[in-house]
Amino acid sequence: MNHLANKNAKFFPQVNQLPKNPLIFVTMSATQAYSVGVLTRYIKQRLEGDPVLQDVWVVGEVSNLTQHGSGHVYFTLKDEEAQLSCAMFKGVAMHYLRKMPKHGAKIQVRGELSLYPPQGSYQLIVREMQIAG
(Lines give C-alpha, C1' and ligand atoms only; values in the text may rest on other atoms or scores of the structure.)
Protein backbone atom coordinates (compact mmCIF):
# COMPACT_ATOMS: atom_id res chain seq x y z
CA MET A 1 0.00 0.00 0.00
CA ASN A 2 1.47 3.38 -0.92
CA HIS A 3 1.86 6.21 1.56
CA LEU A 4 -1.06 8.24 0.14
CA ALA A 5 -3.49 5.32 0.29
CA ASN A 6 -2.46 4.59 3.86
CA LYS A 7 -2.90 8.26 4.85
CA ASN A 8 -6.37 8.41 3.23
CA ALA A 9 -7.44 5.20 4.97
CA LYS A 10 -7.32 7.15 8.22
CA PHE A 11 -9.90 9.63 6.91
CA PHE A 12 -11.95 7.29 4.73
CA PRO A 13 -11.76 3.88 6.39
CA GLN A 14 -14.43 2.31 4.17
CA VAL A 15 -17.21 3.17 1.77
CA ASN A 16 -20.27 3.42 3.95
CA GLN A 17 -23.11 1.37 2.48
CA LEU A 18 -26.20 2.92 4.00
CA PRO A 19 -29.49 1.10 3.41
CA LYS A 20 -31.44 1.78 0.23
CA ASN A 21 -34.42 2.91 2.30
CA PRO A 22 -33.77 6.68 2.61
CA LEU A 23 -35.88 6.93 5.76
CA ILE A 24 -33.28 4.95 7.69
CA PHE A 25 -30.45 7.46 7.14
CA VAL A 26 -28.55 8.63 10.16
CA THR A 27 -26.29 11.66 10.26
CA MET A 28 -23.59 11.31 7.65
CA SER A 29 -20.00 11.62 8.84
CA ALA A 30 -17.34 13.84 7.28
CA THR A 31 -14.77 11.10 7.90
CA GLN A 32 -16.49 8.46 5.76
CA ALA A 33 -16.35 7.96 2.01
CA TYR A 34 -19.76 7.31 0.49
CA SER A 35 -20.63 5.76 -2.84
CA VAL A 36 -22.29 8.03 -5.39
CA GLY A 37 -25.54 6.11 -4.95
CA VAL A 38 -25.52 6.44 -1.16
CA LEU A 39 -24.77 10.16 -1.30
CA THR A 40 -27.47 10.69 -3.94
CA ARG A 41 -30.06 8.82 -1.84
CA TYR A 42 -29.11 10.96 1.15
CA ILE A 43 -29.47 14.20 -0.84
CA LYS A 44 -32.80 12.98 -2.28
CA GLN A 45 -34.09 12.21 1.20
CA ARG A 46 -33.05 15.65 2.50
CA LEU A 47 -34.45 17.51 -0.52
CA GLU A 48 -37.74 15.62 -0.65
CA GLY A 49 -38.14 15.74 3.13
CA ASP A 50 -38.14 19.55 3.27
CA PRO A 51 -41.78 20.71 3.51
CA VAL A 52 -40.99 24.13 1.98
CA LEU A 53 -39.57 22.48 -1.15
CA GLN A 54 -42.52 20.11 -1.45
CA ASP A 55 -45.06 22.86 -2.12
CA VAL A 56 -43.33 25.76 -3.80
CA TRP A 57 -44.26 28.37 -6.39
CA VAL A 58 -41.55 29.33 -8.90
CA VAL A 59 -41.65 32.04 -11.56
CA GLY A 60 -39.49 32.10 -14.65
CA GLU A 61 -39.21 32.10 -18.41
CA VAL A 62 -39.98 28.93 -20.36
CA SER A 63 -37.37 27.38 -22.61
CA ASN A 64 -36.75 23.97 -24.20
CA LEU A 65 -40.37 22.87 -23.84
CA THR A 66 -40.82 19.33 -25.14
CA GLN A 67 -44.04 17.32 -25.27
CA HIS A 68 -43.27 13.60 -25.32
CA GLY A 69 -45.38 10.88 -26.86
CA SER A 70 -45.97 9.58 -23.33
CA GLY A 71 -47.95 12.74 -22.60
CA HIS A 72 -45.33 14.14 -20.23
CA VAL A 73 -44.04 17.68 -20.76
CA TYR A 74 -40.49 18.72 -19.93
CA PHE A 75 -39.16 22.27 -19.91
CA THR A 76 -36.70 24.61 -18.28
CA LEU A 77 -37.65 27.62 -16.20
CA LYS A 78 -34.97 30.28 -16.12
CA ASP A 79 -34.18 33.78 -15.04
CA GLU A 80 -31.05 35.92 -15.15
CA GLU A 81 -29.47 33.95 -12.27
CA ALA A 82 -30.30 30.27 -12.80
CA GLN A 83 -32.32 27.60 -14.53
CA LEU A 84 -34.51 24.81 -13.21
CA SER A 85 -35.54 21.61 -15.00
CA CYS A 86 -39.27 20.94 -14.80
CA ALA A 87 -41.41 17.88 -15.47
CA MET A 88 -45.17 17.89 -15.86
CA PHE A 89 -46.56 14.40 -15.96
CA LYS A 90 -49.38 13.33 -18.26
CA GLY A 91 -52.21 13.62 -15.73
CA VAL A 92 -51.40 17.27 -15.07
CA ALA A 93 -50.27 18.13 -18.61
CA MET A 94 -53.68 17.09 -20.01
CA HIS A 95 -55.24 20.10 -18.24
CA TYR A 96 -52.87 22.53 -19.96
CA LEU A 97 -52.73 21.18 -23.53
CA ARG A 98 -54.63 24.14 -25.00
CA LYS A 99 -52.78 26.65 -22.79
CA MET A 100 -49.23 25.30 -23.06
CA PRO A 101 -46.84 28.28 -22.88
CA LYS A 102 -44.53 29.16 -25.77
CA HIS A 103 -40.78 29.55 -25.58
CA GLY A 104 -39.95 32.78 -23.74
CA ALA A 105 -43.29 33.06 -21.92
CA LYS A 106 -43.12 34.07 -18.26
CA ILE A 107 -45.05 31.61 -16.10
CA GLN A 108 -45.59 30.60 -12.50
CA VAL A 109 -45.60 26.94 -11.55
CA ARG A 110 -46.36 25.11 -8.35
CA GLY A 111 -44.90 21.78 -7.44
CA GLU A 112 -42.36 19.84 -5.47
CA LEU A 113 -38.63 19.45 -5.92
CA SER A 114 -37.40 15.97 -6.61
CA LEU A 115 -34.05 14.39 -7.35
CA TYR A 116 -33.70 12.04 -10.31
CA PRO A 117 -30.92 9.64 -9.21
CA PRO A 118 -29.88 8.23 -12.63
CA GLN A 119 -28.81 11.71 -13.71
CA GLY A 120 -27.99 13.12 -10.28
CA SER A 121 -30.10 16.16 -11.05
CA TYR A 122 -32.99 17.83 -9.32
CA GLN A 123 -36.18 18.98 -11.00
CA LEU A 124 -39.49 20.54 -10.17
CA ILE A 125 -42.46 18.20 -10.57
CA VAL A 126 -45.13 20.64 -11.74
CA ARG A 127 -48.67 20.27 -10.38
CA GLU A 128 -50.09 23.66 -11.38
CA MET A 129 -49.21 26.34 -13.93
CA GLN A 130 -50.35 29.87 -14.79
CA ILE A 131 -49.16 32.79 -16.86
CA ALA A 132 -47.20 35.20 -14.65
CA GLY A 133 -48.62 38.63 -14.71
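## Exercises on strands and core

L115 stands opposite Y122 in strand 7. Here strands and helices are DSSP runs, numbered from the N terminus (strands are E, at least two residues; helices are H or I, at least four). We're working with a predicted model: local features need pLDDT of at least 70, side-chain atom pairs count only at pLDDT 80 or more, and totals for chains, interfaces and linings use all residues. Residues are numbered from 1 along each chain as its sequence is written, and side-chain values use heavy atoms, leaving out hydrogens and water.

**Exercise 1.** Work out which sense, parallel or antiparallel, strand 6 and strand 7 pair in.

*Solution.* Start with the rule: two strands pair if DSSP finds at least two bridges between them. Strand 6 and strand 7 have 10 bridges, in the antiparallel sense. Next, look at the partners: Y116 is bridged to S121 in strand 7, and L115 faces Y122. Then check the hairpin, where four residues lie between the two strands and G120 takes a positive phi near 60°.

**Exercise 2.** Find how strand 3 pairs with strand 6, and how strand 5 pairs with strand 7.

*Solution.* Take strand 3 and strand 6 to begin with: they run antiparallel and are joined by six bridges. Now move to strand 5 and strand 7, which pair in the parallel sense over two bridges. There, A87 has I125 in strand 7 as its bridge partner.

**Exercise 3.** Identify which residues of the largest nonpolar core touch the most other members.

*Solution.* A nonpolar core is a set of buried Ala, Val, Leu, Ile, Met, Phe, Trp, Tyr and Cys residues joined through side-chain atoms within 4.5 Å. Buried means under 20% relative accessible area, with exposed over 50% and partly exposed in between (1.4 Å probe, protein chains only). This core holds 20 residues, and F75, M88, V109 and L124 touch the most other members. Among the elements that each supply at least two residues are strand 4 (73-78) and helix 3 (90-93). Strand 6 gives the most, with four residues.

**Exercise 4.** Decide whether T76 is buried or exposed, and list what T76 touches.

*Solution.* Locate T76 first: strand 4. With 11% relative accessibility, T76 is buried. For contacts (heavy atoms within 4.5 Å), skip residues up to four places away in sequence, and T76 touches E61, V62, S63, N64, Q83 and L84.
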